[in-house]
Amino acid sequence: MIDPHLQHVPRLGRHPSRFRLAGTPVITVMLGSLATALPVIAQSPVMPPFGLLLLLSWRLLRPELWRTWIGVPLGLFDDIASGQPIGSAMCLWTIMLIGIDAIEHRMVWRSYRQDWLIAAIAIIFCIAGGVFFARITGGGDIKLLLVAPQMVWTVLLFPFVVRQCARIDRWRVMA
Amino acid sequence: MARPPSRRPGHNRKAQYSLFASYVVAMTGAAVGLLLVVVAIFDPTGFAAIRIATAEVTRPASVTLKNMVSGVSSVDEVLASYWHAGSQNVALRRQVENDRNRIIEAKAVAQENLRLKKLLKLVEDDGSELLTARLIASSSTSTRRLARLNAGRWQGVRPGMPVRAPEGLIGRIHTTTPNTAEVLLLTDASNIVPVRRANDSVPAISTGLGDGTLEIRALAAGRNPFKPGDLLVTSGVGGVYQPNIPVAVIVRIAGEIAYGVPLANPSKVDAVVVERSFEEAVTRPEGSATTAPVVPEAAQNAAAP
């Protein structure tokens with residue numbers, strides 16, 4: 001069966017609006033951060049951080065889309081929505097984006113697997129950093145083992161999210 | 001696949017400066033974030049005001065979704081109960097036989113209590129109940145265990161107020177916005193509750209572990225007095241929680257520490273009750289909601305052994 005999206009034909013001479021081009025990625029990341037508004041009263045940190053996943057997907061799909069400072073406003077929004085101490089994702093996401101920039105210059109070959117590896121390291125870094133920040137701001141003594149399941153399925157979810165991101169990206173650039 | 005196009009701008013001066021500036025902005029932003037976290041070490045609820053907008057905007061969506069899913073949220077429980085259906089049936093039937101006698105005894109005790117209370121002319125109504133609301137969302141991605149309550153400052157909710165369900169204690173109010181409030185759940189690692197064993201008042205302290213269980217430490221030195229199956233209720237020490245709210249049941253013992261499971265599951269309860277702080281309910285029963293005693297997290301942590 002042919003993917004219905006492939007039947008969409010871009011019209012010649014038409015361009016998507018600037019808002020669609022620049023706004024779509026930002027809005028999807030913010031919606032991902034707002035996944036915590038779902039009416040799930042969790043007993044342990046189980047939900048994957050969708051904001052982080054979407055940010056990583058966009059960054060690895062479209063390296064030229066954002067400069068590294070985008071981690072500051074998007075991270076701030078994620079902190080507001082997630083219940084982490086404010087400043088936590090702001091700091092971690094920006095450091096992560098700078099780190100990805102640094103790695104990207106040094107890698108000669110890049111394919112899907114390297115992207116996944118980069119994403120896995122970034123996810124583990126951000127979740128572990130989040131635990132550390134929550135601990136020093138009065139969150140009590142939390143062991144890293146508690147977030148290990150969350151790390152595992154966030155890493156496993158990355159390929160799915162990056163595909164959905166690519167799908168949205170196709171819609172974004174086609175008028 | 002070869003590597004993506006380099007972001008190095010070549011010899012274009014303007015592009016070079018622009019890239020450099022973007023890194024400077026990013027570094028500054030990260031440093032500001034770190035600074036905010038450092039500030040939060042000393043004042044955990046300091047920047048809570050920034051959260052007002054998102055909390056208020058997402059409230060209607062969360063409430064609508066909550067109304068839709070409250071019926072299906074226990075599907076897992078229904079499926080799991082089929083697993084041991086046969087042996088469970090026998091065990092439960094035996095338990096019912098045992099409980100029947102207990103219920104008759106309890107009825108007699110209740111009647112006697114009523115009679116004695118009439119003799120003493122005790123007044124049971126302490127007016128501590130403030131309002132009933134629902135939990136609509138939670139910090140499901142974070143290690144902090146915060147749930148969002150569908151009532152806030154405009155409804156009279158203040159930080160520090162205890163929150164309970166009919167089954168037992170849920171937690172206490174952490175921060176408030178005009179129409180929502182964040183509840184620090186019992187299972188958050190920073191929530192410390194003074195408790196006692198229900199039948200013989202052995203004092204202990206309950207701390208959340210962040211994974212849905214509690215760590216119970218007895219205050220008395222020496223051998224661990226708890227055994228699996230013990231019921232814990234609040235002791236009323238500290239002035240935040242009313243005495244005798246059911247808290248947890250002990251499930252496991254490991255050396256000096258006992259592990260318990262909260263009696264009220266925040267994801268299953270339909271509605272929760274916000275109460276006035278115990279101290280306030282006792283000392284100033286009328287019109288003192290504006291001066292709710294806020295128990296700072298640091299002070300509570302310091303009280304732990």
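In which helix of chain A does Q150(A) lie? In this predicted model, Q150(A) belongs to helix α6 of chain A, which covers residues 148-173. Chain A holds six helices and zero strands, while chain B contributes both an open sheet of seven strands and a closed barrel of six strands. The two chains meet where 53 residues of chain B are in contact with 54 residues of chain A, and the largest nonpolar core, with 96 residues, counts W93(A), I170(B) and V183(B) as the residues with the most contacts inside it.

**Chain A as a whole**

- Read from the N terminus on, the elements of chain A follow the order α-α-α-α-α-α, in keeping with its six helices and zero strands.
- For 175 residues a compact globule would have a radius of gyration near 16 Å, and the 17 Å of chain A therefore agrees with that expectation.
- Taken along the principal axes, the box filled by the C-alpha atoms of chain A is roughly 60 × 40 × 35 Å.
- Of the 175 residues in chain A, 46% are buried.
- Among the contacts in chain A with a separation of 6 or more, 71% are made by residues 24 or more positions apart.

**The surroundings of Q150(A)**

- Q150(A), in helix α6 of chain A, counts as buried because it has 23 C-beta neighbours inside 10 Å, where 20 or more are required.
- When residues up to four places away in sequence are not counted, Q150(A) touches P45(A), V46(A), P48(A) and I127(A).
- Q150(A) and S44(A) are separated by 106 residues in sequence, yet their C-alpha atoms are 9.5 Å apart in space.

**The nonpolar core**

- The largest nonpolar core has 96 residues, and those with the most contacts inside it are W93(A), I170(B) and V183(B); helix α5 of chain A, residues 112-139, supplies the largest share of this core, namely nine residues.
- Leaving aside neighbours within four places in sequence, V183(B) is in contact with residues that include L135(B), L146(B), A147(B), L149(B) and V163(B), and the list also includes I170(B), G171(B), I173(B) and H174(B).

**The side of chain B that touches chain A**

- The contact between the chains involves 53 residues of chain B and 54 residues of chain A, and on the chain B side at least two residues each come from α1 (13-42), α2 (52-69), β2 (135-138), β3 (146-149) and β8 (203-208).
- The largest share of this side of chain B, 13 residues, is supplied by α1(B).
- By residue class, the side of chain B that touches chain A comprises 26 nonpolar, 19 polar and eight charged residues.

**The open sheet of chain B**

- Seven strands of chain B make up an open sheet with antiparallel pairing, in the order β1-β13-β4-β5-β6-β3-β2; its edge strands, each of which pairs on one side only, are β1 (129-133) and β2 of chain B, and the twist from one strand to the next averages 35 degrees.
- Strand β5 of chain B, residues 169-176, is mostly covered, since eight of its eight residues are buried.
- On one pairing, β5(B) runs antiparallel to strand β4 of chain B, residues 162-164, and is joined to it by three bridges; P162(B) stands opposite R172(B), and the two strands form a hairpin with four residues between them.
- β5(B) also pairs in the antiparallel sense with strand β6 of chain B, residues 181-185, over five bridges; here I173(B) stands opposite V183(B), and β5(B) and β6(B) form a hairpin with four residues between them.

**The closed barrel of chain B**

- Six strands of chain B, running β7-β8-β9-β12-β11-β10, form a closed barrel with antiparallel pairing, in which the twist averages 40 degrees from one strand to the next.
- Strand β7 of chain B, residues 192-197, pairs with strand β10 of chain B, residues 231-234, in the antiparallel sense over three bridges, with V195(B) standing opposite T234(B).

Key:
Residues are numbered from 1 along each chain as its sequence is written. Chains are lettered from A and ligands numbered from 1 in the order in which they are written. This is a predicted model: local features need pLDDT of at least 70, side-chain atom pairs count only at pLDDT 80 or more; totals for chains, interfaces and linings use all residues. A nonpolar core is a set of buried Ala, Val, Leu, Ile, Met, Phe, Trp, Tyr and Cys residues joined through C-beta atoms within 7 Å. A residue is buried if 20 or more other C-beta atoms lie within 10 Å of its own, exposed if 12 or fewer, and partly exposed in between; C-beta atoms are placed from the backbone. Two residues are in contact if their C-beta atoms, placed from the backbone, lie within 7 Å. Ala, Val, Leu, Ile, Met, Phe, Trp, Tyr, Cys and Pro count as nonpolar, Asp, Glu, Lys and Arg as charged, and the others, Gly among them, as polar. Two strands pair if DSSP finds at least two bridges between them. Axes are lines fitted to C-alpha atoms, for helices over the stretch in contact, and angles run from 0 to 180 degrees between N-to-C directions. The radius of gyration is taken over C-alpha atoms; the globule rule is 2.2 Å times the number of residues to the power 0.38.
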